[in-house]
Amino acid sequence: MRNPQLNADGELTHLLTLEGLPAPIIRRILDTADPFVSIAEREVKKVPLLRGKAVFNLFFENSTRTRTTFEIAAKRLSADVINLNIGVSSTSKGETLLDTVDNLVAMDADIFVVRHAQSGAPHLIAQHLTSRRATHVHVINAGDGRHAHPTQGLLDLYTIRHYKQELHHLTVAIVGDILHSRVARSLIHGLTTLGVPEVRVVGPKTLLPASVEAMGVRVFHDMRTGIEGCDVIAMLRLQGERMNGALLPSGGEFYKQYGLTTEKLALAKPDAIVMHPGPMNRGVEIESAVADGARSVILPQVTFGIAVRMAVMSIIAGN
Amino acid sequence: MNSQELPDADIIFAELVDRMRGAIAFEAAFVGIYSGGAWLAERLAAAIPGEHALGYIDVSFYRDDYSRTGLKPGTKRTALPFDVEGATIILVDDVLYTGRSVRAAINELFDFGRPARIELAVLVDRGGRELPIEPTYCGARLLAARDVSIVLSRDNDGRLKLATEKTAT
C-alpha cells in the first residue's frame with residue numbers, strides 16, 4: 001500500500017506523521033526551511049509563493065501558539081488564511097467532520113491545517129480527499145491526539161541540526177511525559193529516521209508508553225543517568241489536562257525527580273542544548289534558570305518553527 | 001545527454017569586464033543570481049574598480065512556474081548584506097534567455113527596499129526573450145536551439161566553462 005502522505009510520483013502531498021516518512025523527504029524539508037529563516041530579516045517579510053492559495057486552519061482542539069505560527073507561516077508565503085474554531089461552530093450543530101471538509105473544499109481550500117483530539121483525524125481527512133479525487137487539496141497534521149505532531153518534530157530536528165550540524169554522532173534525551181506526548185513520538189521517529197545513534201527516553205514508568213523500546217529508544221527511569229553525556233535534552237510539558245487518574249504523586253515530586261535543574265543539566269555535555277516545545281511549566285518540568293539560560297534554545301525553536309512550516313506548505317502545495 | 005563545446009568562458013568574461021570597466025558606479029553592489037550568476041558576481045566585484053558590496057539571490061520563491069513545477073530542491077538563502085534602499089545594483093546572471101529569472105530577481109530585490117538603479121550584466125545572451133528585459137552589459141551573444149540549454153559550470157580550480165545540454169522533455 002502506498003504511503004498516504006505521498007502522491008503517485010512519491011512526492012509529499014500531505015504531512016500526517018514522521019513515521020515511515022523517507023529520510024530524503026525529511027532532509028528536503030529541513031533544507032528548504034533554511035532560506036525561509038532569513039525572510040524575517042527583510043523589509044517585506046513575505047514571498048509570493050502561495051499567492052492566491054487558501055489555507056484553512058481547522059483547530060478542533062485549542063492551541064494559540066501552533067495556530068499562530070501556522071498562520072504567520074502561511075501569511076509569509078502570501079497565502080490567504082482562514083481560521084476556523086470548529087469546536088464552537090459546525091460540529092456543535094451536528095455536522096460530521098467530513099461534511100465540514102467537503103464544504104470547505106467547495107469554498108476552494110488548498111491546504112487544511114488540522115488539529116484534533118482524536119488520533120488519525122488528519123489521516124481520515126486526507127483519505128477522504130483522495131476518495132473525492134480532490135488531489136489538489138493538501139492536509140497538514142498540526143497535532144492529533146497522542147499520535148503525531150510532525151511539524152513540531154521537524155522544527156526540533158531543524159533546531160538540533162542548526163546547533164549540532166551533524167546528527168550521526170549525537171545522543172538525544174527526551175524527558176518527561178512521553179505517554180501523552182505526540183511531540184515525543186514525532187521527534188523519536190524523526191531522529192531514528194535521520195540516523196541519530198542514541199535516542200533516550202527518560203521518565204517514570206507511569207508516563208512511558210508500554211512498548212516504547214520498540215521505537216528504537218533506550219529507556220531510563222532515573223533522570224541523572226538518562227541525561228548523562230547527552231548533546232541534546234528535549235524536555236516535554238507535563239500534560240495535566242490529558243491525565244486521567246493519578247499517574248503522578250505530585251507536581252513537586254515530579255520536579256524533584258524529572259525537572260531539569262542547573263544541577264542536573266551539569267551531567268550533560270558542556271555544550272548540550274535544551275529544548276522545550278512550549279508552553280512551559282516553570283518549576284514543574286524545568287527550572288527558570290535553565291529555561292532562560294545560555295544552553296536554552298527554546299525561543300529559537302519558535303522562530304525556526306515558522307520557517308519549517310513555510311517549507312512544508314510550499315513543498316506540498318507544489319506537488 | 002548531448003554536450004557540445006562552446007566559446008571559452010574566461011575569454012567571454014574578459015570581454016564583459018572590458019565593456020563594464022568605466023561604466024560601473026564606484027559603490028555599485030553586485031548581486032549574483034544562483035548559481036552561475038553568483039560565481040560571476042564575485043569575479044566582477046573583484047575585477048571592476050570600486051568598493052563593491054556583494055550579494056546573492058535565489059529566485060526560487062519568486063519564480064512564475066511554481067504552480068506548474070513546484071518548489072525545486074536546493075534553494076539557497078538570498079543574502080544582500082547592504083542597504084538595498086537607494087543602492088545602485090548590478091544584477092548578474094550567467095545566461096539570459098526568457099528573462100523570467102531576471103523578472104523574479106528584480107521583484108525579490110524590491111522586497112528589501114527601493115534601489116536607486118538596477119542594471120543587468122550577463123555572460124551570455126542567447127535570445128529567446130519572453131519578457132521585455134534586455135542586458136545592460138553582455139559578454140557574448142550565442143544562438144542555441146530551443147531544446148538546448150546553455151550551462152555554466154565551475155571546476156575545482158575555479159575555472160568557468162560553458163556547455164550545452166539537451167533539455168529533457
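Let's start with chain B: of its 169 residues, 36% count as buried. Keep in mind as you look around that this is a predicted model. In chain B you'll find 4 helices and 7 strands.

How does the overall size of chain B look? A compact globule with 169 residues would have a radius of gyration near 15 Å, and chain B agrees, because its own value is 15 Å. Along the principal axes, its C-alpha atoms fill a box of roughly 45 × 40 × 30 Å. As for how the chain folds back on itself, take the contacts in chain B with a separation of 6 or more: 68% of them join residues 24 or more positions apart.

Now turn to chain A. Here there are 11 helices and 9 strands. The globule rule gives 20 Å for 319 residues, and the radius of gyration of chain A is 19 Å, close to that, so chain A is as compact as a globular protein of that length. The box filled by its C-alpha atoms, again taken along the principal axes, is roughly 55 × 45 × 40 Å. Buried residues account for 46% of the 319 in chain A. Of the contacts in chain A with a separation of 6 or more, 79% are between residues 24 or more positions apart.

The domain assignment gives domain 1, made of 23–148 + 303–318, and domain 2, covering 150–297. Notice that domain 1 is written as two stretches of the sequence. Where they touch, 20 residues come from domain 1 and 18 residues from domain 2 of chain A. On the domain 1 side, the elements that give two or more residues are α1, β4 (138–144) and α11 of chain A. By class, that side of domain 1 has 11 nonpolar, 5 polar and 4 charged residues.

Two packed helices are described by the angle between their axes and the distance between the axes. The crossing of α5(A) past α11(A) is right-handed. If you want to find the contact on screen, pick out T151(A), L154(A), L155(A), Y158(A), T159(A) and H162(A) on α5(A). Their partners on α11(A) are P300(A), Q301(A), F304(A), G305(A), V308(A), R309(A) and V312(A). Sorted by class, the residues of this contact come out as 7 nonpolar, 5 polar and 1 charged.

Finally, how do the two chains meet? The contact takes 16 residues from chain A and 14 residues from chain B. On the chain A side, the elements that give two or more residues are α1 (23–37) and α11. Helix α1(A) has the largest share of that side, with 5 residues. The chain A side divides into 6 nonpolar, 5 polar and 5 charged residues. Both α1 and α11 also turned up on the side of domain 1 that touches domain 2 of chain A.

How values were computed. Residues numbered from 1 in each chain as written. Chains lettered and ligands numbered in written order. Predicted model: local features only at pLDDT ≥ 70, side-chain atom pairs only at ≥ 80, totals over all residues. Left-handed = near helix turned anticlockwise from the far one by under 90°. Contact = placed C-beta atoms within 7 Å. Nonpolar A, V, L, I, M, F, W, Y, C, P; charged D, E, K, R; others polar. Rg over C-alpha atoms; globule rule 2.2 N^0.38 Å. Buried ≥ 20, exposed ≤ 12 C-beta atoms within 10 Å, placed from the backbone. Domains from an automatic or database assignment.
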